[in-house]
Amino acid sequence: MEQKIRRDRNMGDNLRRLRMDRGLSQEKLCAQLQRRGCDIGRTTYAKYEAGELNIRASVLIELRKIYHCTYDEFFAGLDDEI
């Protein structure tokens, strides 16, 4: 059974910033993710950036490889949201 994690922090702004810093559209990013085995479409990814859907760990792992960044960059500033 898949465990649901309650959304209590929004990393969407960080996801958007990282994508924009690399000059990628959501469509191009999703194409790269699909080539890496992540079955994700643009509408789903848009929900990640909007904070409407939790991002899967497997997607974060592949995004880190695409962006050549640390995991800290995904979570930057989230400890200040309380």
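Q: Let's start with α2: which exposed residues sit on the face turned away from its buried side?
A: That face of α2 carries Glu27, Lys28 and Arg35. Exposed means over 50% relative accessible area, buried under 20%, and partly exposed in between, with a 1.4 Å probe and protein chains only. Helices are DSSP runs of H or I with at least four residues, strands are E runs of at least two, and both are numbered from the N terminus.

Q: Before we go on, what kind of model is this?
A: It is a predicted model, where local features need pLDDT of at least 70 and side-chain atom pairs count only at pLDDT 80 or more, while totals for chains, interfaces and linings use all residues. Residues are numbered from 1 along each chain as its sequence is written, and side-chain values use heavy atoms, with hydrogens and water left out.

Q: And what is the mean pLDDT?
A: The protein has a mean of 88, and 85% of its residues reach 70 or more; pLDDT is the predictor's confidence in each residue, from 0 to 100. Confidence is highest in helix α2 (residues 26-35), at 97, and lowest in helix α5 (residues 72-75), at a mean of 93.

Q: Good. Which residues of α2 are buried?
A: Gln26, Leu29, Cys30 and Leu33 are the buried ones. They lie on the same side of α2, because they cover an arc of only 100 degrees around the axis, taking the directions from the helix axis to the C-beta atoms.

Q: What covers those buried residues?
A: The cover includes α1 (12-21), α3 (42-50) and α4 (57-67).

Q: What does glutamine 26 touch, apart from its close sequence neighbours?
A: Leaving aside neighbours within four places in sequence, glutamine 26 is in contact with Arg19, Arg42, Tyr45, Ala46 and Glu49. Contact here means heavy atoms within 4.5 Å. Glutamine 26 has a relative accessible area of 15%, so it counts as buried.

Q: Glu49 is on that list, so where does it lie?
A: Glutamate 49 belongs to helix α3. It is buried too, with a relative accessible area of 3%. Beyond four places in sequence, glutamate 49 contacts Asn10, Gly12, Asp13, Leu15, Arg16, Arg19 and Gln26.

Q: How do α1 and α3 cross?
A: Their axes come within 6 Å and cross at roughly 120 degrees. The axes are lines fitted to C-alpha atoms, for helices over the stretch in contact, and the angles run from 0 to 180 degrees between N-to-C directions. The two helices are therefore oblique to each other: under 35 degrees counts as roughly parallel, over 145 as roughly antiparallel, 65 to 115 as roughly perpendicular, and the rest as oblique.

Q: Which residues make that contact?
A: From α1 there are Gly12, Asp13, Leu15, Arg16 and Arg19, and from α3 Tyr45, Tyr48, Glu49 and Ala50.

Q: Last one, what about the overall fold: how many helices and strands?
A: There are five helices and zero strands. Buried residues account for 32% of the 82 residues.
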